[in-house]
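Visitor: Could you take me through this model and show me how its charged pairs and its pockets are to be read?

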Amino acid sequence: MRSAVTVSLTASAVLAGGFFAGQAQAATPVPSITAPGGFVMNNGTGTTLYGKAADTRRSTGSTTKIMTAKVVLSQPNLNLDAKVTIQKAYSDYIVAKNASSARLIVGDKVTVRQLLYGLMLPSGCDAAYALADKFGTGTTRDARIKSFIGKMNDEARRLGLRNTHFDSFDGIGSGQNYSTPRDLTKIASSAMKNSTFRTVVKTKSTQQKVTTKSGGYRYMSWTNTNKLLSTYSGAIGVKTGSGPQAKYCLVFAATRGTKTVIGTVLASPSEANRAADVKKLLDYGFAR
């Protein structure tokens with residue numbers, strides 16, 4: 001009788017061990033990424049799915065422009081079809097900073113909606129300047145720019161972000177433009193609630209008809225720097241960033257079925273590393 005019980009218990013133990021081992025094998029391993037900072041969350045629930053130095057402050061490059069767009073889109077009584085005349089100061093800024101450009105032409109009249117495409121697809125710092133000049137307040141351009149950057153910081157505080165600060169409208173700051181993977185993800189998640197923002201950031205390329213100084217028109221063609229839109233199934237945004245300090249950054253989002261995963265990688269050593277890191281994090285996010 002004792003022998004039978006022993007055999008029964010042993011068999012049960014083997015079965016249980018196999019069950020738990022199967023569970024362990026089925027669990028999705030946490031990915032290893034080359035980027036020093038990363039964060040992923042379920043956009044619907046806000047649940048954290050992955051974090052690596054998620055609250056460490058880093059330079060953000062052009063991912064800053066997510067907040068630029070968010071501030072513009074949060075303006076009361078916003079008219080997306082209002083026209084903005086492109087000033088020489090915007091093109092001079094691009095040249096002086098050797099900055100990424102939407103190639104806006106002085107004297108052209110470009111709508112706010114079009115400027116948002118120029119901001120988010122080719123990462124136009126000239127478009128960022130035009131929007132900051134348009135939506136800042138003050139009697140001088142410097143005052144308006146300062147005011148707009150103040151609105152960016154006000155919005156960060158409203159979102160409860162303690163590790164984010166902006167000193168520029170485009171990410172070309174003077175050492176006080178920083179955020180974290182967690183904070184940038186939260187900014188993007190909030191921005192994605194706006195239908196215009198969602199439409200813009202998921203656009204792979206666009207051709208926009210703008211009015212010239214002489215009253216004619218020309219077409220501006222812009223291609224999204226976010227290659228994830230073409231390389232990852234379900235990708236819906238959000239924004240690339242790069243620079244000497246920022247290295248290679250990406251705030252990303254993808255939807256499969258009813259689940260949207262959103263996240264950020266900061267300071268990847270190369271564009272290829274950034275792409276590999278993001279794919280790993282999205283795959284992991286959808287498996288959770």
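This is a predicted model: local features need pLDDT of at least 70, side-chain atom pairs count only at pLDDT 80 or more; totals for chains, interfaces and linings use all residues.

Visitor: How many salt bridges does the structure hold?

Guide: Side chains of opposite charge can pair when their charged atoms come close. Here a salt bridge is a side-chain nitrogen of Lys or Arg within 4 Å of a carboxyl oxygen of Asp or Glu, and the structure holds 12 of them. In one of these, arginine 182 meets aspartate 55, with 2.7 Å from N to O. The pair links distant parts of the chain, 127 residues apart, since arginine 182 belongs to helix 7 (residues 181–191) and aspartate 55 to the loop between strand 2 (48–52) and strand 3 (58–59). Helices (H or I, at least four residues) and strands (E, at least two) are DSSP runs, numbered from the N terminus.

Visitor: Are arginine 182 and aspartate 55 buried or exposed?

Guide: Buried means under 20% relative accessible area, exposed means over 50%, and partly exposed is in between, with a 1.4 Å probe and protein chains only. Arginine 182, at 24%, is partly exposed, and aspartate 55, at 38%, is partly exposed as well.

Visitor: What separates arginine 274 and glutamate 271 in helix 10?

Guide: These two residues form a salt bridge in which the closest N and O atoms are 3.9 Å apart. They are three residues apart in helix 10 (residues 271–287), so about one helical turn separates them. Arginine 274 is buried, with a relative accessible area of 8%, whereas glutamate 271 is partly exposed at 34%. Elsewhere, salt bridges that share partners join Lys70, Glu155 and Arg158 into one network.

Visitor: Which side chains make a polar contact with the side chain of aspartate 133?

Guide: A polar contact is a pair of N or O atoms within 3.5 Å; within protein, one must be able to donate a hydrogen and the other to accept it, and residues adjacent in sequence count only if both atoms are side-chain atoms. Aspartate 133, in helix 5 (residues 125–135), makes such a contact with the side chain of tyrosine 90 at 2.6 Å and with that of arginine 141 at 3.0 Å. The pairing of aspartate 133 with arginine 141 is also a salt bridge; aspartate 133 is buried at 8%, while arginine 141 is partly exposed at 26%. Contact in the wider sense means heavy atoms within 4.5 Å, and on that basis aspartate 133 is in contact with Tyr90, Arg141, Arg144 and Ile145, leaving aside neighbours within four places in sequence.

Visitor: Where is the place of aspartate 108, and which residues does aspartate 108 touch?

Guide: Aspartate 108 sits in the loop between helix 3 (88–97) and strand 5 (109–111), and at 2% relative accessibility it counts as buried. Not counting residues up to four places away in sequence, aspartate 108 touches Val84, Thr85, Ile86, Val210, Thr211, Thr212, Lys213 and Arg218. Its side chain makes a polar contact with the side chain of arginine 218 at 2.7 Å. Aspartate 108 and threonine 211 are 5.7 Å apart in space, C-alpha to C-alpha, although 103 residues apart in sequence.

Visitor: How much space lies in the largest pocket, and which residues are the closest to its centre?

Guide: Rolling a probe the size of a water molecule over the atoms shows where empty space is left. On a 1 Å grid over the protein atoms alone, where a 1.4 Å probe fits, a pocket is an open set of points with protein on both sides within 12 Å along at least five of seven lines, and lining residues have an atom within 4 Å of a point. Grid points are joined across faces, edges and corners, and a volume is the space filled by probe spheres set on the points. The largest pocket holds about 540 Å³, and of its 31 lining residues the closest to the centre are Gly61, Ser62, Ser242, Gly243 and Pro244. Strand 9 (235–243) gives the largest share of that lining, four residues.

Visitor: What lines the second largest pocket?

Guide: That pocket, of about 210 Å³, is lined by 13 residues, with Lys227, Leu228, Thr231, Leu250 and Ala275 nearest its centre. Helix 10 gives the most to this lining, with five residues.

How values were computed
Residues are numbered from 1 along each chain as its sequence is written. Side-chain values use heavy atoms; hydrogens and water are left out.
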